[in-house]
Amino acid sequence: MTPRWVLLLAAIGVIFLNAIVFAVFWPAPAPPPDASPAQRLYLARCATCHGVRGNGSWRATLFLIRPGNLSDPRRMQALSDQYLFDITKNGGAPIGRPGMPAFGFHLSDAEIRDLARYLRTLASP
Ligand code: HEC
């Protein structure tokens, strides 16, 4: 007969896998009807980790991802437009911050600039 602890481990494994599948396939938040193109991009591509308001998502927390706080005015004021552009286009890896993925293959430069402008609005008081 299978020992109990094996069954228990299997049950924990199933619950854990379910949690991951659930978190990965949870749909991105729907944009409001009057959303700008940049806001739509943000909600579709960034909110998964950074949260709808920029202060981090529950999914990021679940996976122990620490995406920083894009809604903190003091932090965001210290970051240049060029930095926001570069880290979105090339990801964090080139500057030793590998948690942030690169979007240069998915988004045009114009879209990334537009997104950077949108990020500023998240941090306005
Ligand atoms: C897979 C999760 C994930 C997604 C999706 C994601 N980010 Fe990030 N982002 C991170 C993490 C993690 C960091 C922090 C990296 C570090 O500090 O090591 C980060 C950092 C940043 C920073 C720098 C913040 C700072 O304080 O220096 C900016 C700006 C940023 N992300 C913008 C975006 C934009 C714009 C998008 C959508 C196009 C996006 N991110 C999508 C995970 C993500």
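Select R45 first: this residue is partly exposed, with a relative accessible area of 34% (buried means under 20% relative accessible area, exposed over 50%, partly exposed in between, with a 1.4 Å probe and protein chains only). R45 lies in helix α2 (helices are DSSP runs of H or I with at least four residues, strands runs of E with at least two, numbered from the N terminus). Leaving aside residues up to four places away in sequence, R45 touches F103, H106 and L107 (contact means heavy atoms within 4.5 Å). For a distance check, pick P3: R45 and P3 are 42 residues apart in sequence and 45 Å apart in space, C-alpha to C-alpha.

This is a predicted model, in which local features need pLDDT of at least 70 and side-chain atom pairs count only at pLDDT 80 or more, while totals for chains, interfaces and linings use all residues. Residues are numbered from 1 along each chain as its sequence is written, and side-chain values use heavy atoms, with hydrogens and water left out.

Stay in helix α2 and select L43, which is found there. L43 is buried, at a relative accessible area of 3%. Show its surroundings: not counting residues up to four places away in sequence, L43 touches A28, P29, A30, P31, P32 and V52. G54 is 11 residues from L43 in sequence and 10.0 Å from it in space, C-alpha to C-alpha.

Next, select the iron atom of the ligand. Which protein atoms are its donors? They are NE2 of H50 and SD of M100, lying 1.9 to 2.1 Å from the iron atom (donors are N, O and S atoms within 2.8 Å of the metal, or 3.2 Å for Na, K and Ca; water is not among the atoms, so sites may look incomplete). H50 lies in helix α2 and M100 in the loop between α5 and α6, so the pair ties together parts that are 50 residues apart in sequence. The site of the iron atom is octahedral, with angles of 87 to 178 degrees among its six donor atoms (six donors count as octahedral if opposite donors are over 155 degrees apart and all others between 65 and 115). Ideal angles for six octahedral donors are 90 or 180 degrees. H50 counts as buried, at 11% relative accessibility.

Now display the largest nonpolar core, which has 20 residues (a nonpolar core is a set of buried Ala, Val, Leu, Ile, Met, Phe, Trp, Tyr and Cys residues joined through side-chain atoms within 4.5 Å). Y42, M76, L84, L107, L115 and L119 touch the most other members. At least two residues of this core come from each of α2 (37-50), α5 (81-90) and α6 (109-122). Centre on L119: beyond residues up to four places away in sequence, L119 touches Y42, L70, M76 and L84.

Move to L64, in the loop between α3 (58-62) and α4 (73-77). L64 has a positive phi of about 60 degrees although it is not a glycine. At 73% relative accessibility, L64 counts as exposed.

Finally, zoom out to the whole protein chain. Its secondary structure comes to six helices and zero strands. The radius of gyration of the protein chain is 18 Å, well over the 14 Å that the globule rule gives for 125 residues, so the chain is more spread out than a compact globule (the radius is taken over C-alpha atoms; the rule is 2.2 Å times the number of residues to the power 0.38). Along the principal axes, the C-alpha atoms fill a box of roughly 65 × 35 × 30 Å. Buried residues make up 26% of the 125 residues.

Terms used: Tetrahedral: all angles 85-135°; square planar, octahedral: opposite > 155°, others 65-115°.
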